[in-house]
Amino acid sequence: MRRLLIPVLTTTLVVSALAACSSGRAADAKTVTLVTHDSFAASKSVLAAFTARTGYKVRVLKNGDAGAALNQVVLTKDAPLGDAFYGVDNTFLTRALDEKVFDVYRPQALASVTPSLRLDPTGHATPVDFGDVCVNSDEKYYGASSGHGDAPATLDDLAQPRYKDQLVVENPATSSTGLAFVAATVAKYGDKWLDYWDRLRANGVRVVDGWEQAYDGEFSGAAGSKGTRPLVVSYASSPPAEVYFAKPRPTTAPTASMDSSCFRQVEFVGVLHGAAHPTAAKKLIDFMLSRTFQADMPLQMFVYPAVSGTPLPPVFTRFSSVPSEPLTLAPAQIGRERQQWIQQWTDHVLR
């Protein structure tokens with residue numbers, strides 16, 4: 001759920017990560033190193049199943065948030081940090097491909113991945129999971145008995161006077177969640193998307209650096225939050241997460257996501273070019289598309305499996321919905337226009 005973008009990378013981080021990777025390989029030649037972001041999680045029993053199946057242990061090398069991890073992979077592509085990289089999403093897929101950080105690998109199980117998620121025809125990046133960035137609402141704030149009326153149902157509603165000073169969003173220059181929401185507005189409004197942001201600005205939208213600050217700090221619906229804003233840009237999987245981690249667990253979700261606002265994010269894995277153990281990396285990618293790994297992902301990272309037909313835990317089926325027609329943009333368009341969007345958004349919203 002937490003996908004922050006950090007564009008500035010220190011040399012110290014790169015060197016320390018590289019040294020750690022090198023020492024790990026020297027200690028165990030039967031280890032495959034997965035470079036990833038800080039939000040990666042998998043059950044110990046699932047990783048043990050991979051070891052039992054292949055003989056390789058998995059070393060997880062977390063390198064900051066999603067954007068920072070990609071930056072490190074790009075900056076160290078001539079001496080890769082590991083064997084596979086997981087976590088680049090469709091908003092930055094073209095950067096990974098342009099920088100040639102991946103080798104071509106088309107796993108046999110790719111045929112079982114939902115077709116709409118197969119966004120790389122070149123065969124370098126394999127889709128593993130998806131999620132939807134959506135506007136979330138605090139259900140206690142809205143409703144007939146609240147006196148505040150109903151929660152907004154559309155992006156246009158967010159600019160209406162009755163929702164003034166209620167929305168908090170993430171800065172797209174520092175947050176991939178914020179960037180995905182900007183992409184959602186581009187997908188919805190086309191060349192009028194900046195006009196829409198002008199309307200949001202006039203209606204009191206608050207901008208913060210990242211998802212954690214927005215959700216846990218500003219949003220009134222988060223567990224334990226002292227925030228005052230009942231609307232936040234988060235994920236479709238946030239409502240089941242609120243239920244799952246609550247003690248005792250409620251019978252209804254305290255938050256809801258607005259389906260019409262959702263932008264589809266897809267996460268990919270690939271074999272790092274120049275990897276010390278490319279065969280092991282391919283085995284790991286195969287495993288990440290297996291039923292064992294795919295079924296483990298929802299409650300580990302609160303994302304949806306990429307492989308069609310993977311069973312979801314009850315908390316997902318009961319408290320979340322997958323939009324039937326999420327907002328999307330082609331990765332090539334995002335790659336061409338991403339920096340321009342960020343600059344234009346900054347000029348309009350933060351000026």
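A residue is called buried when its relative accessible area is under 20%, exposed when it is over 50%, and partly exposed in between (1.4 Å probe, protein chains only). The structure is a predicted model, in which local features need a pLDDT of at least 70, side-chain atom pairs count only at pLDDT 80 or more, and totals for chains, interfaces and linings use all residues. Residues are numbered from 1 along each chain as its sequence is written, and side-chain values use heavy atoms, with hydrogens and water left out.

The pLDDT is the predictor's confidence in each residue, from 0 to 100. Its mean over the protein is 91, and 92% of the residues reach 70 or more. Over residues 1–28 the pLDDT is below 50, and this stretch has 73 contacts in the model beyond near neighbours in sequence; a contact means heavy atoms within 4.5 Å.

Helices (H or I, at least four residues) and strands (E, at least two) are DSSP runs, numbered from the N terminus. Ala256 belongs to strand β9, residues 255–257. With a relative accessible area of 24%, Ala256 is partly exposed. Leaving aside residues up to four places away in sequence, Ala256 touches Val135, Asn136, Ser137, Glu139 and Pro239. Its C-alpha atom is separated by 7.9 Å from that of Ala236, 20 residues apart along the chain.

Ser238 lies in helix α8, residues 238–245. This serine counts as buried because its relative accessibility is 1%. Between the C-alpha atoms of Ser238 and Gly55, 183 residues apart along the chain, the separation is 36 Å.

Ser290 is placed in the loop between α9 (278–288) and α10 (291–301). Its relative accessible area is 12%, so Ser290 is buried. The side chain of Ser290 reaches the backbone oxygen of Phe287 at 2.5 Å. In α10, the buried residues include Phe293, Gln294 and Asp296. The buried residues of this helix pack against α2 (44–54), β3 (84–89), β5 (126–138), α9, β11 (304–305) and α11 (314–319). Phe302 follows α10 and has a positive phi, near 55°.

Phe302 also lines the second largest cavity, together with Gly131, Asp132, Tyr235, Ala236, Ser237, Val303 and Tyr304. On a 1 Å grid over the protein atoms alone, a cavity is a set of points where a 1.4 Å probe fits but cannot get out, and lining residues have an atom within 4 Å of a point. The structure holds 2 cavities of 30 Å³ or more. The lining of the second largest cavity divides into 5 nonpolar, 2 polar and 1 charged residues.

How values were computed:
On a 1 Å grid over the protein atoms alone, a cavity is a set of points where a 1.4 Å probe fits but cannot get out, and a pocket is an open set with protein on both sides within 12 Å along at least five of seven lines; lining residues have an atom within 4 Å of a point. Grid points are joined across faces, edges and corners, and a volume is the space filled by probe spheres set on the points. Ala, Val, Leu, Ile, Met, Phe, Trp, Tyr, Cys and Pro count as nonpolar, Asp, Glu, Lys and Arg as charged, and the others, Gly among them, as polar. A polar contact is a pair of N or O atoms within 3.5 Å; within protein, one must be able to donate a hydrogen and the other to accept it, and residues adjacent in sequence count only if both atoms are side-chain atoms.
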